[in-house]
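Subject: Structure handover

Hello,

Here is the structure for you to look through. My notes on it follow below.

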Amino acid sequence: MLTIEERDDVAVLRMEHGRVNAMDVELLDALTEAVTATDRALLITGAGSAFSAGVDLRQILDGGPAYAAAFLPALTRMFRAVFDHPRPTVAAVNGHAIAGGCVLALACDIRLMSGGRIGLAELAVGVPFPVTALEIVRHALGPRAGGVLLGADTVGAEQALALGLVDEVTGPDDLLPRALGLAAELSSRSAESYRLAKERLHRPAVEAIEAAAQDEHAAVLAGWTSPDTRGRIEEALRALTARRG
């Protein structure tokens with residue numbers, strides 16, 4: 001579900017999990033382990049037509065409250081592992097990056113995109129937004145965060161660039177070479193200076209995340225497992241099946 005390739009001082013993590021790299025506990029744990037195990041710069045990308053289409057909503061429905069109770073901490077751990085990684089992190093968004101997939105890209109220092117759609121669709125489905133994800137979005141998008149999050153829409157690459165969701169748009173063939181070049185360039189700088197600068201830039205977000213940590217899990221879990229939310233997820237999955245049909 002995840003391949004790891006080391007290219008000089010850059011670790012390339014490629015999600016290869018099902019058709020759209022949907023996030024389940026197994027993929028989240030694999031990403032967290034891979035990120036925390038390396039002291040290299042990171043390049044995160046996906047296989048096929050998607051970077052990641054976000055949370056595996058079918059698993060959330062089928063697994064019930066017990067699965068959601070395991071999934072949400074795994075999601076937070078993965079986002080924090082990427083956001084807190086001390087070395088440079090680059091997202092090479094090769095296709096759709098929806099909801100959790102968008103947050104994963106926003107957790108990286110630099111984001112390049114070659115196609116597909118990107119956006120924060122959580123509120124359109126009806127699931128509460130975990131505070132870790134929200135603070136990462138706020139850090140990455142600044143004053144645009146509210147409009148993007150509350151709008152719950154997805155956009156193409158050029159509009160994503162205008163909104164600050166990505167930093168650069170490339171052609172599909174140029175995506176990985178360009179992302180690797182940026183990762184290598186950033187990695188060539190002083191590791192300690194980079195770590196300190198990143199830590200200070202991230203400090204407001206990290207402090208907000210940690211201040212809310214005690215209360216977040218129970219409230220968000222209740223929202224994700226409520227009958228209303230389950231009904232909205234079922235409706236979203238039916239609509240998705242109809243579009244594919």
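Two strands count as paired if DSSP finds at least two bridges between them; strands (E, at least two residues) and helices (H or I, at least four) are DSSP runs numbered from the N terminus. This is a predicted model, in which local features need pLDDT of at least 70, side-chain atom pairs count only at pLDDT 80 or more, and totals for chains, interfaces and linings use all residues. Residues are numbered from 1 along each chain as its sequence is written, and side-chain values use heavy atoms, without hydrogens and water.

The sheet: 6 strands form an open sheet in the order 1-2-3-5-7-10, with mixed pairing. Strand 3 (residues 41-46) runs parallel to strand 5 (residues 89-93), joined by 4 bridges. In this pair, I44 stands opposite A91.

The cores: a nonpolar core is a set of buried Ala, Val, Leu, Ile, Met, Phe, Trp, Tyr and Cys residues joined through side-chain atoms within 4.5 Å, where buried means under 20% relative accessible area (1.4 Å probe, protein chains only). The largest has 64 residues, and F51, F71, L104, I118 and L165 have the most contacts inside it. Helix 2 (residues 57-84) gives the most to this core, 14 residues. A second, separate core of 15 residues includes V10, L112, A179 and Y194.

Nonpolar side chains tend to be buried together in soluble globular proteins.

Regards

Technical notes. Buried means under 20% relative accessible area, exposed over 50%, partly exposed in between (1.4 Å probe, protein chains only).
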